[in-house]
Amino acid sequence: MRALDLQDVRFKHRGSDHWALDGVSLQVEKGEFVTLLGSNGSGKSTICMLSNGLIPHALPGDLQGKVEIFGFDVKEHSVAEFSTKVGMVFQEPESQLFCMSVEEEVAFGPENLAVPREELRERVEWALELVGMKGYNDRSPFSLSGGQKQRVAIAAALSMRPDMLVLDEPAYALDPVGRLELYSVLRDLKERYGMTVVLAERDAEEAVAFSDRIVLMKAGRVIDSGPPRIVLREPSRLRNVGVTPPQLSEVAALLNARLMTTENSFLTVEEAERAITEKVLAWRMVKGR
Amino acid sequence: MAGFVDLYTEADTFLHRMDPRVKIFAVLLLSLLALVLSNLYYLLILLAFIFLLLFLARATFSHTMFALKFVLRFMALIIILWPIFDPSGTPMLASLGPIKITEPAIWRGFTSAARVGCLATVWYILMFTTSQRDLVRALVKMGLRFDFGLTLAISLRFLPTFSALIDSIKDAQRARGLELSKGGLLKISRNYVAILVPTIVAALRTADALSLALQSRAYGARADRTYLRDLKMRVSDGIALGVLVAAFVLPVLAKYAFNVKL
Amino acid sequence: MEDGEGEMIPATPMLPREEKIISIHGLRFTYEGGVVALRDINLDISSGEYLAIVGGNGSGKTTLAKNINGLLRPTSGEVVVGGRSLSGRTVADIARTIGYAFQNPDHQLFCSTVEEEVRFGPANLGYPEGEIVKKVRRAIEAMNLESHRKTPPLSMRLGERRRVSIASVIAMDPEVLILDEPTTGLDAQESSELLAKLRRLNEEGKTIILITHDMKLVAEHAKRVVVMSQGRVLLDSDPRGAFSDPELLRQSNLEPPPVALLAHKLSELGIPKDVISPEELVFQIMRERGGP
C-alpha cells in the first residue's frame with residue numbers, strides 16, 4: 001500500500017477557471033522522503049492540500065482522477081479521519097499556532113481525538129523531544145523565534161502519530177538559522193524514524209542532500225521525478241521550471257561541460273570537496289611528471 | 001506589546017496557586033458583596049481586605065498603579081461630581097444656583113467611589129494571579145462550551161500578534177508619507193483606511209490559515225474531548241471556598257434577613 | 001576570458017559620487033524595555049551605491065534601516081541624510097529622500113487600483129497634480145505595471161504585489177531606496193526580473209540598500225556588504241571580502257552560499273577563498289588542469 005497515490009489528477013478551485021493540477025500522476029511509497037520542487041503556481045501546494053483531504057473537503061473545487069492516501073479514497077473520508085495518518089505543516093508559522101502555550105499546542109490534536117491523559121503527556125514529551133524543543137512546554141508561541149515556531153508546528157503534527165508528514169514550504173518565512181534547525185529535524189525524522197515525508201519547496205538547496213526523490217513541477221504538471229542526482233543534473237532545466245538550481249549542481253554541471261564528461265554530481269559540500277580535491281591532485285601528479 | 005492586556009505576573013503566592021475556579025468564584029462573590037454593602041465603613045473594611053489580598057499576591061505598587069490608573073481617575077471624578085449632581089439630603093453645606101452640595105451626598109460619592117475601587121481591585125487581583133491559560137481552562141471546566149473557550153483563547157493569543165501587526169502597518173504607511181494625526185476629522189478617518197484595510201486583510205488571511213490548521217488536527221472530530229492539564233481542587237482550595245462563602249453569606253443574611261444596616 | 005552565463009572578469013563597479021547621502025555617527029538604539037539593538041554604529045553611504053546590510057534575526061539590520069528613515073529615532077548619536085540631520089524632521093519629510101519598501105507588501109496595499117496605490121505616496125507629500133501624474137507614470141513604467149494600472153492590487157500575485165509596493169515607494173522620487181527582503185516568496189524568474197529593475201534604477205543614480213539574509217542574492221548583486229551581528233557592524237567590505245570568512249558569517253547567523261563554503265574548503269589546494277559564483281569556482285579549478 002502506498003502512502004500517496006495520485007493517478008491522472010486534475011483539480012480546479014471553485015470559482016477559478018485555471019487548473020491547479022493538470023493531469024498529475026504521482027506515487028509516494030512508505031518511508032520515502034519526497035521533495036516537490038516548483039515555483040509559484042506549480043501545483044506543489046495543491047498536492048500538499050490533497051494529502052490530508054483539505055482538498056476537496058475544506059477547499060472545494062472540481063477534483064478528477066484517483067487520489068488515495070494509504071489506500072483510502074480522499075473523496076470518501078473526512079479531514080479528521082486523515083489527520084491520524086497524515087500530519088500537516090503550513091508555511092506561515094504564526095497562523096498555525098493558536099494555543100497559549102507550546103504544550104497545549106502539541107496536545108491539541110490528540111485531545112480532539114479524546115486520547116487519555118497519560119498518553120497525552122507521553123505524546124507531548126515525545127514530540128517535543130523529537131523536534132528539539134524539550135522543556136519549552138510553558139512558553140507562549142509569541143515569544144518563540146520563527147524556527148522554533150515551525151518546530152512546534154511539526155511537533156503538533158507528530159503528536160497525532162501520523163504515518164506521513166506533509167510540509168508546504170515550511171522554511172518560507174525563516175532566517176538561515178531557522179532553516180538549518182528545521183532541516184535538521186526533517187533529516188532526523190527520516191534517518192531515525194523512517195517517516196514518510198512530502199516536502200514542497202521552492203529552493204532545494206538544503207533538502208537535496210537527504211531527499212530520496214525530487215519531483216519537478218510546473219504549471220500543474222509533473223515535469224520530472226527521480227533521485228536528486230539525476231533530476232538536478234541539468235541546472236538549465238531547473239531554471240526553465242522557475243527553480244533556482246542548487247549552487248553545487250551548477251558547479252558540477254559547469255565542470256562536466258569543461259571536462260566533457262557527465263560523471264560529476266555533488267549533493268553536499270563535502271562530496272564536492274572530495275571529488276574536486278581528488279581531481280586537482282591527480283592533475284598535479286600528471287603535470288609533475 | 002501585550003502590556004495592557006496580560007497583567008499576569010508569575011509568583012509563588014497562595015493566591016497564584018489557588019485553583020482558578022475558586023478565584024473566579026471569589027471575585028464574583030466579592031464583587032457582589034461590594035454591590036450589596038451600602039455603608040461606607042463596611043465598604044472600606046472590604047477595601048482593606050482586598051488590599052490585604054493584593055499584598056499577599058505580592059503585587060507591586062507601580063504595577064498596580066499602572067493597571068488601575070484609569071480607575072483611580074474615575075474614582076476621583078465620582079467623588080467630585082456626585083455632590084454636584086445629587087442635591088438630596090440634609091444638612092446643606094453650600095449652594096450655587098440649582099446646585100446644592102449636601103453632606104449626605106458627599107458621603108454617597110465616597111461610597112460609590114469605594115465600591116468602584118473594590119470592584120476594580122478585586123478583578124485586577126484575579127488577572128494578576130491567574131494566567132490567561134488557566135482562566136480559559138477554568139471557564140471551560142465550569143461549563144463554558146469548549147468552542148467558546150477556544151475562541152476566547154485564540155483571541156487572547158493573537159492580541160499581541162495583531163498589536164504588533166498594526167504597528168508594522170502604521171510604520172509602512174508612515175514611510176509613504178502618511179501622517180496619522182494631521183488634518184480634520186474627515187482626513188483622519190480616510191487616513192485610517194490605510195491602516196484598517198491591510199489589518200482586515202491580514203486578519204482574514206490568518207483566519208483562513210487557522211481554519212485549515214484546526215481541521216488538520218481533527219478539531220471537532222468527536223463530541224468528547226480530553227485535556228492535558230487538569231484542574232484539581234485541593235484541600236486548601238476547599239477551605240478557601242468555605243471561608244469565602246461564609247464571608248459572603250453572613251453579611252448578606254444580616255442585611256436582608258435581619259435588617260442590619262450594612 | 002569566456003563568454004557565457006557569468007562574468008569571468010567582474011565589471012568595474014560604477015564609481016560612486018563623492019557626495020555622502022547618508023552619514024551615521026555613533027548611533028545607539030535601545031528599545032523600550034531595555035533591549036539594546038544598536039551599539040555605536042558608524043556608517044557612511046555615498047550617493048549611487050548599491051549595498052546590502054546583512055545579518056540574522058536580532059542582528060539589528062532592520063532597526064538600523066528604520067533609524068535611517070526616521071521610523072525610529074536614535075537613543076544617542078546622529079543620522080545625517082542629504083547633509084541635514086534627521087532630528088526634528090518628520091517621517092513624511094524624510095520619505096522625500098529615503099524610500100522604504102517593507103518586506104510584506106500586504107502591509108502597505110489598500111487601494112482599489114494600482115494607480116491609486118502608486119499615487120498615495122506622492123499625494124501625501126503634497127506634490128501638485130501635474131507632478132504626481134508624472135511620477136506615477138515613471139514609477140509604473142519602471143516596475144512594468146502599465147497593463148495593470150486599473151487592477152486591484154490585492155487580487156494580484158505576490159510577485160506583482162511586491163512590484164506595486166516598490167512602485168508606490170519609487171513614485172515619491174526618493175534618492176535612496178531601502179528594500180527589506182525584496183525577493184522572499186518570488187520564484188527564480190520574478191526574482192531576477194526584479195533585481196534587474198533595481199540594477200537599472202541604480203544605474204540611473206539611485207542609491208539602493210538591500211536588507212536581507214539571503215547571501216546568494218548578496219553575492220550576485222551587491223557591491224558592498226555590511227555584515228551586522230548583535231547590534232554591531234562586524235564587517236563592511238565588498239562581497240568577496242565578506243565571503244572569504246565563513247566563520248564570520250556564521251557568527252552573524254548567516255549561511256555562506258555553498259560555493260563560498262566549498263571554495264574555503266578547497267583553499268588548501270590554492271583555490272582563492274573569495275570566490276562567490278559557480279562560474280568563477282570552476283574557472284579557478286580548471287586553471288589547475290592547465291592546457292586547453
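Biologist: Which domains does the domain assignment give for chain B?

Modeller: Chain B is assigned domain 1 (14-130 + 232-256) and domain 2 (138-216); such bounds come from an automatic or database domain assignment. Their centres, taken over C-alpha atoms, are separated by 34 Å. This is a predicted model, in which local features need pLDDT of at least 70, side-chain atom pairs count only at pLDDT 80 or more, and totals for chains, interfaces and linings use all residues. Residues are numbered from 1 along each chain as its sequence is written, while chains are lettered from A and ligands numbered from 1 in the order in which they are written.

Biologist: What domains does the assignment give for chain A?

Modeller: Chain A has domain 1 (4-227) and domain 2 (246-289), with C-alpha centres 36 Å apart.

Biologist: Why is helix H1 of chain C called mostly covered?

Modeller: A residue is buried if 20 or more other C-beta atoms, placed from the backbone, lie within 10 Å of its own. Eight of the eight residues of H1(C), residues 61-68, are buried, so the helix is described as mostly covered. Among them are Lys61(C), Leu64(C) and Ile68(C). Just after H1(C), Gly70(C) has a positive phi of about 85 degrees.

Biologist: How many residues does the contact take from chain A and from chain C?

Modeller: Chain A gives 28 residues and chain C gives 29 residues; two residues are in contact if their C-beta atoms, placed from the backbone, lie within 7 Å.

Biologist: Which element gives the largest share of the side of chain A that touches chain C?

Modeller: H11(A) does, with eight residues.

Conventions: Helix = DSSP H or I, 4+ residues; strand = E, 2+ residues; numbered from the N terminus. Buried ≥ 20, exposed ≤ 12 C-beta atoms within 10 Å, placed from the backbone.
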